Each structure stands twice: as C-alpha cells, then as structure tokens.
Amino acid sequence: MISQTQQPTTSKPKTIHYPDSDGQPMADNTLQFRWIVIIKENLDLIFADDPEVFVAGDLLWYPVEGDNRLRRAPDAMVVFGRPKGDRGSYKQWEEDNIPPQVVFEILSPGNTVKEMAQKQRFYDKFGVEEYYIYDPDHNDLGGLQRGEQSLEVIEQISDWVSPRLGIRFDWTEEGLTLYRPDGSRFQTLQEIKAERDVAQAERDAAQAKADRLAQRLRELGVNPDNL
C-alpha cells in the first residue's frame with residue numbers, strides 16, 4: 001500500500017473591507033450643518049494654494065490597518081503633509097501614517113457626554129494636535145492642544161490663535177466668529193460665492209480693457225505683441 005502524505009492547506013488572508021460610510025448623517029439639524037460647512041469651506045480657502053494640505057468634512061478616519069471598527073469621522077479635519085484629492089476614507093497607513101493634526105466637532109442636542117468623551121480619547125490616542133468642539137445652540141467653544149503627553153484644555157479660548165491653522169477664535173455680538181490668517185472673517189457659502197463672483201468680474205473687466213487697448217494699437221499699425 002502506498003501512503004500519501006496530505007499536504008497542509010494554506011488559507012488566503014482575509015480581505016478587510018473599510019466602509020466609506022458609517023451610516024450616520026453628517027448633521028442632525030440645519031444649524032450644525034451650517035457650521036460644519038462654514039468651517040470646512042473656509043479651511044479649503046485658506047489652504048487652497050498649498051498642495052500638501054488635505055481638508056475634509058465628515059470623512060471616516062481609520063488609524064490602524066486591520067481594524068475596520070476603529071474609526072471616527074470628524075466634522076472637519078486638516079492634515080498637513082498629505083496631498084489634496086478625493087478619498088472614500090482616510091486610511092492612515094496609506095497616508096505615510098500621518099494622522100489629522102487638527103479636528104473640529106460641531107455639537108448637536110443629540111450628542112452625549114459619553115460619546116464626546118470617547119471621541120476625545122480617540123483623538124488623544126491617535127495623535128491629533130488640536131481639537132476644537134463648538135456647541136452652536138449654546139454658543140460654547142472648547143479647545144484642546146497637545147501637551148507633552150496628551151491633549152490638554154486650552155484655558156483661554158477667546159482670542160485664541162490656532163498654532164497649526166493660524167485662524168483666530170473670537171466672539172462678537174453675533175456669537176462665535178472665526179478669522180482667517182489674513183484677518184478676514186470666515187464667510188458663509190453665499191458670501192464666498194459673491195466674493196468669487198466679484199473677483200471674476202474684475203478679472204473679466206481688466207481683460208476686456210486690455211483687449212480694447214490691443215485692438216486700438218492694431219488700428220494704429222502697432223502690433224501689441226511686440227511691445
């Protein structure tokens with residue numbers, strides 16, 4: 001009888017799926033949504049010319065490869081040292097292992113103390129440098145900054161300037177107001193659009209003026225391209 005030695009079977013490593021959505025809504029109400037959009041869009045404007053600053057809103061962040069349950073979706077986050085571009089989620093091991101340095105959370109009435117404590121522990125553990133929490137219903141802002149070993153409360157948040165972002169937090173008669181590094185106020189989407197429209201109209205007017213001048217020079221027998 002010829003015996004056959006059974007060869008050990010090798011199983012393929014299990015493919016881990018990292019969902020792009022946690023099934024939760026971006027915001028619970030219009031006030032929360034408006035603040036999320038204002039912060040995210042203005043941060044986009046501030047870093048529009050820096051290709052190595054990635055800004056995202058409500059994007060799932062997976063800090064550890066192999067664990068698809070360990071994740072958070074900050075209302076807004078900024079990552080220095082990573083290129084702009086579309087992503088379904090932020091998988092840190094695919095991003096030179098760089099965590100978001102700054103995160104924002106905008107509270108809604110549905111947020112619990114336990115939930116916010118869990119978020120703070122997550123951001124602390126995985127390397128966030130600045131963490132800002134704003135409650136628009138009560139106009140209450142809190143902030144934490146990384147100390148020697150962990151995130152520590154920013155005691156005086158009024159008139160605070162973010163070390164990473166260069167933005168300033170202040171209060172006016174309208175409530176919390178944020179200022180860009182150039183001193184201009186954070187704007188709503190409508191204000192941003194209006195500002196862009198004005199700038200475009202000014203560029204169009206300047207181009208039209210230059211075209212008319214070039215045409216006049218040609219009529220006089222002068223080639224404007226030679227000037």
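How much space lies in the largest cavity? In this predicted model, the answer is about 30 Å³. The count comes to one cavity of 30 Å³ or more. Its lining is made by Trp35, Ile39, Phe104, Tyr134, Leu141, Phe169, Leu176 and Leu178. Helix 1 and strand 10 are the elements that give two or more residues to this lining. By class, the cavity lining has eight nonpolar residues, no polar residues and no charged residues.

The largest pocket has a volume of about 510 Å³. A total of 25 residues line this pocket. Closest to its centre are Asp22, Gln24, Pro25, Glu115 and Lys119. Two or more lining residues come from strand 5, which spans 102–106, and from helix 2, which spans 113–125. Helix 2 gives the most, with four residues. The lining of the largest pocket holds 10 nonpolar, five polar and 10 charged residues.

The second largest pocket contains about 300 Å³ of space. It is lined by 15 residues. Trp35, Ile38, Glu174, Leu176 and Arg185 are the closest to its centre. Helix 1 (30–46) and strand 10 (175–179) each supply at least two residues of the lining. Strand 10 has the largest share, with four residues. Six nonpolar, five polar and four charged residues make up the lining of the second largest pocket.

Side chains of opposite charge can pair when their charged atoms come close. In this model the count comes to 12 salt bridges. One of them joins the side chains of lysine 119 and glutamate 105, at 3.3 Å from N to O. Lysine 119 lies in helix 2 and glutamate 105 in strand 5, so the pair ties together parts that are 14 residues apart in sequence. Both lysine 119 and glutamate 105 are buried. Lysine 119 is also among the residues closest to the centre of the largest pocket.

Other salt bridges lie within single helices. In helix 1, lysine 40 and aspartate 44 are four residues apart, about one turn of the helix. Their side chains meet in a salt bridge of 2.6 Å, N to O.

Helix 3 holds another pair. The side chains of arginine 216 and glutamate 219 meet in a salt bridge of 3.3 Å, N to O. These two residues are three apart in helix 3, so about one helical turn separates them. Are the two partners buried or exposed? Arginine 216 counts as partly exposed, at 45% relative accessibility. Glutamate 219 counts as exposed because its relative accessibility of 53% is over the 50% cut-off. Elsewhere, Arg82, Arg87, Glu95 and Asp96 are linked in a network of salt bridges.

A nonpolar patch was found on the surface. Leu220, Val222 and Leu227 make this patch, which covers about 310 Å². Leucine 220 is found in the segment after helix 3, which spans 189–219. At 56% relative accessibility, leucine 220 counts as exposed.

Backbone angles were also considered. Most residues other than glycine have a negative phi. Asparagine 97 has a positive phi, near 55 degrees. This asparagine lies in the loop between strand 4 (90–91) and strand 5. Asparagine 97 is partly exposed, with a relative accessible area of 48%. Aspartate 159 is not a glycine either, yet its phi is positive, at about 70 degrees. Where does aspartate 159 lie? Its place is in the loop between strand 8 (151–153) and strand 9 (168–172). Aspartate 159 counts as partly exposed, at 44% relative accessibility.

Technical notes. Residues numbered from 1 in each chain as written. Predicted model: local features only at pLDDT ≥ 70, side-chain atom pairs only at ≥ 80, totals over all residues. Heavy atoms only, no water. 1 Å grid on protein atoms, 1.4 Å probe; cavity = no way out; pocket = protein on both sides within 12 Å on 5 of 7 lines; lining within 4 Å. Points joined across faces, edges and corners; volume = space filled by probe spheres on them. Nonpolar A, V, L, I, M, F, W, Y, C, P; charged D, E, K, R; others polar. Patch = residues over 30% accessible without salt bridge, like charges linked within 9 Å, V, L, I, M, F, W, Y side chains within 5 Å. Areas by Shrake-Rupley, 256 points an atom, 1.4 Å probe, with all protein chains shown as cover. Salt bridge = Lys/Arg side-chain N within 4 Å of Asp/Glu carboxyl O. Buried < 20%, exposed > 50% of the residue type's maximum accessible area, 1.4 Å probe, protein only.
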